Amino acid sequence: MKKICFVLLSLVCVFFFSGCSAGEEASGKKEDITLRIAWWGGQPRHDYTTKVIELYEKKNPHVHIDAEFANWDDYWKKLAPMSAAGQLPDVIQMDTAYLAQYGKKNQLEDLTPYTKDGTIDVSSIEENMLSGGKIDNKLYGFTLGVNVLSVIANDDLLKKAGVSINQENWKWEDYEKLAYDLQGKAGVYGSNGMHPPDIFFPYYLRTKGERFYKEDGTGLAYHDDQLFVDYFERQLRLVKAKTSPTPDESAQIKGMEDDFIVKGKSAITWNYSNQYLGFARLTDSPLSLYLPPEQMKEKALTLKPSMLFSIPKSSEHKKEAAKFIDFFVNNKEANMLIKGERGVPVSDKVADAIKPKLNEKEANIVEYVETASKNISKADPPEPVGSAEVIKLLKDTSDQILYQKISPKKAAKTFRKQANEILERNN
């Protein structure tokens with residue numbers, strides 16, 4: 001009899017508690033969760049991203065977001081130990097230079113299922129906009145915006161030096177002469193030194209019809225070391241003539257607020273187009289966007305994901321993280337706060353909605369990307385595994401050249417040998 005009563009009591013308890021659970025579900029109440037979201041950037045990016053997060057939390061009261069941000073160098077230094085410990089944030093701002101490193105080592109979630117089930121709406125996003133985040137047909141990073149390499153110039157300093165930029169026809173020799181003129185007549189650097197070299201040396205190669213990496217990522221693609229020599233001999237001449245900063249000076253730049261063009265120390269900064277808005281907000285001087293030298297003949301420019309959002313496999317809230325990515329790329333209200341600072345929006349609907357409401361500086365980015373897009377080539381595949389080591393090697397080699405510790409000719413051979421060894425070892 002006691003056994004029967006115990007069983008009946010157990011059934012009553014099960015019914016009672018399951019009924020409560022069902023009631024909570026029926027009421028629409030969602031479990032409270034915390035998402036960690038990480039990104040790099042300058043203060044303007046931190047400010048508006050915080051506002052986007054607050055907007056998301058308001059619309060999704062069950063979600064609390066912990067923001068983690070830093071400048072570029074510190075960001076990757078912090079991410080590495082988090083990765084090793086399996087404690088990566090739920091949403092990581094990702095760069096194509098590191099996508100293969102994290103994706104091919106099985107640390108990132110394939111976002112394809114979330115695009116197929118509609119968690120991330122891609123109905124107004126062209127397929128080629130997503131390709132920059134794919135490796136082996138897996139979507140490891142969702143493109144937040146697209147941008148193009150550019151030369152950003154201080155109009156007042158150009159005028160002071162009595163020079164102008166003919167962006168349709170200028171050559172590398174014209175760029176070098178411009179730098180000398182700016183230093184001699186305006187008393188400022190004529191360039192930020194085309195820093196970092198892993199972005200601008202590959203661009204130089206494309207103007208010569210060559211590529212930096214082989215498509216399969218097993219080695220360097222360019223065969224003629226004279227291209228390396230020519231590029232770095234020019235950089236060395238500019239530093240010696242004090243028309244470009246030394247490596248020591250460049251190393252002091254920790255964020256946009258410190259950039260030479262913001263401080264009025266340089267008339268030109270080589271950068272991606274989405275960076276224009278941050279610089280324009282940080283200086284009172286008028287700035288303009290120009291196409292870089294020799295982009296026309298070889299269609300050297302490409303559309304590049306400005307940055308991506310990735311979700312690590314270690315995240316316990318992948319679905320909710322995917323919902324945040326969807327909000328970031330598709331919500332018009334959020335993108336009126338972002339205003340293209342992370343690149344021209346990938347969603348056609350969002351781009352069309354915000355364009356009429358952009359101010360002059362914001363519209364300049366969209367117009368520049370549209371102009372550059374008329375003469376672009378196919379984007380390079382994401383950087384191969386081992387690219388982070390190659391990037392560090394190239395930077396260290398560049399510093400040695402500019403410190404005059406090694407000749408460009410000798411450095412070309414050493415860099416080729418070591419870079420190929422790195423890529424072969426990782427593939």
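Colleague: How many of the residues of α9 are buried?

Modeller: This is a predicted model, so what follows describes a prediction. An α-helix has 3.6 residues a turn, so residues three or four places apart point the same way. In this model α9 is mostly covered, with nine of its 11 residues buried. The buried ones are P197, F200, F201, P202, Y203, Y204, L205, R206 and T207.

Colleague: How many aromatic pairs does the structure hold?

Modeller: There are 34. Another of them is Y75 with W76, which is edge-to-face at 5.0 Å centre to centre, with 90° between the planes.

Colleague: Which charged side chains sit over rings?

Modeller: Two cases can be given. K304 lies over the face of Y272, 5.2 Å from the ring centre. R416 has its charged end over the ring of Y222, at 4.7 Å from the centre.

Colleague: Now the sheets. What is the strand order in the open sheet of three strands?

Modeller: Strands of a sheet pair through backbone hydrogen bonds, either parallel or antiparallel. Here the order is β8-β7-β9, and the pairing is antiparallel. The edge strands, β8 (268–272) and β9 (287–290), each pair on one side only. From one strand to the next, the twist averages 30°.

Colleague: How many bridges join β7 to β8, and how many join β7 to β9?

Modeller: Five bridges join β7 to β8, and four join β7 (residues 149–154) to β9. On the β8 side, L149 stands opposite Y272. That tyrosine, Y272, is also the ring under K304. On the β9 side, V151 stands opposite Y290, and N154 has L287 as its bridge partner.

Colleague: Which way do the side chains of β7 point, and are they buried or exposed?

Modeller: In a regular strand the side chains alternate between the two faces of the sheet. In β7, L149, V151 and A153 point one way and S150, I152 and N154 the other, and all are buried. Six of the six residues of β7 are buried, so the strand is largely enclosed by the rest of the structure.

Colleague: What is the order in the open sheet of six strands?

Modeller: The order is β2-β1-β3-β10-β6-β11, with mixed pairing. β2 (63–70) and β11 (344–345) are at the edges with a single partner strand each, so one side of each is left without a neighbour in the sheet. Within this sheet, β3 (residues 91–94) and β10 (residues 304–310) are antiparallel and share three bridges. The bridge partner of I92 in β10 is S310.

Colleague: How should I read a buried residue in a loop? Where does S124 lie?

Modeller: S124 is in the loop between α5 (112–116) and α6 (127–130). At 10% relative accessibility, S124 counts as buried. The side chains of S124 and S347 are joined by a polar contact of 2.8 Å. Apart from neighbours within four places in sequence, S124 is in contact with N330, V346, S347, D348 and K349.

Colleague: And for a helix, which residues is V390 in contact with?

Modeller: V390 is in helix α17 (residues 387–402) and is buried, with a relative accessible area of 1%. Leaving aside neighbours within four places in sequence, V390 is in contact with F212, Y213, F415, A419, I422 and L423. F212 in that list is the ring that pairs with F201.

Definitions and conventions: Residues are numbered from 1 along each chain as its sequence is written. This is a predicted model: local features need pLDDT of at least 70, side-chain atom pairs count only at pLDDT 80 or more; totals for chains, interfaces and linings use all residues. Side-chain values use heavy atoms; hydrogens and water are left out. Rings of Phe, Tyr and Trp (its six-membered ring) pair if their centres lie within 6.5 Å; planes under 30 degrees apart count as stacked, over 60 as edge-to-face and the rest as tilted. A charge sits over a ring if NZ of Lys or CZ of Arg is within 6 Å of the ring centre and within 35 degrees of the ring normal. Two strands pair if DSSP finds at least two bridges between them. Helices (H or I, at least four residues) and strands (E, at least two) are DSSP runs, numbered from the N terminus. Axes are lines fitted to C-alpha atoms, for helices over the stretch in contact, and angles run from 0 to 180 degrees between N-to-C directions. Buried means under 20% relative accessible area, exposed over 50%, partly exposed in between (1.4 Å probe, protein chains only). A polar contact is a pair of N or O atoms within 3.5 Å; within protein, one must be able to donate a hydrogen and the other to accept it, and residues adjacent in sequence count only if both atoms are side-chain atoms. Contact means heavy atoms within 4.5 Å.
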